[in-house]
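Please have a look at the chain first, then read on.

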Amino acid sequence: MNEMGIFYTQKVKETVPRELQAVCWQLLNKRRRNSQVLALVQRFEFTIQSQQLFLKYEDKNYSKVFEIKNYKHLFEGTLWVIVQSDRATMIFPEEINEEKSEDEIL
């Protein structure tokens, strides 16, 4: 399997802790290595509940919630990873053209 190029928007680099970015990439790459088909948009939603950090990872064919343990930084929000053959870009949904809904991108 070819290595996937990983890209970030400046806003993601400045806002999302690196350790949490890495968790997203690890989960995505695990699915790729298992030859699972990835939809164009991978959605990662971080939430804090009762002082625990959770990550919901989903696309139109997959959904799973993970508890993130031993984290050093908190972040709450939603990230998208746009997958295009051999490259993937991590972006905030609001950075996509405002006229397009998630359904139009999916």
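The points below go from the overall layout to a few particular residues.

1. Please keep in mind that this is a predicted model.

2. Of the 106 residues, 41% count as buried. The accessible surface of the chain is about 6800 Å², and carbon and sulfur atoms make up 45% of that surface. Among contacts with a separation of 6 or more, 56% join residues 24 or more positions apart.

3. Helix α2 covers residues 18-33. Its 16 residues, at 1.5 Å a residue, should span 22 Å, and the C-alpha atoms at its ends are 22 Å apart, so the two values agree.

4. Which residues of α2 are buried? They are Leu20, Gln21, Val23, Cys24, Trp25, Leu27, Leu28, Asn29, Arg31 and Arg32. As background, an α-helix has 3.6 residues a turn, so residues three or four places apart point the same way.

5. After α2 comes serine 35, with a positive phi near 60 degrees. For context, most residues other than glycine have a negative phi.

6. Two loop serines also deserve a look. Serine 50, in the loop between β2 (41-49) and β3 (52-59), has a positive phi near 50 degrees. Its relative accessibility is 73%, so serine 50 counts as exposed, the cut-off being over 50%.

7. Serine 85 lies in the loop between β5 (77-84) and β6 (87-91). Its phi is positive too, about 45 degrees, and serine 85 is exposed, with a relative accessible area of 65%.

Methods: Residues are numbered from 1 along each chain as its sequence is written. This is a predicted model: local features need pLDDT of at least 70, side-chain atom pairs count only at pLDDT 80 or more; totals for chains, interfaces and linings use all residues. Side-chain values use heavy atoms; hydrogens and water are left out. Buried means under 20% relative accessible area, exposed over 50%, partly exposed in between (1.4 Å probe, protein chains only). Contact means heavy atoms within 4.5 Å. Accessible areas come from the Shrake-Rupley method with a 1.4 Å probe; for residues, only the protein chains shown count as cover. Helices (H or I, at least four residues) and strands (E, at least two) are DSSP runs, numbered from the N terminus. The expected span of a helix is 1.5 Å times one less than its number of residues.
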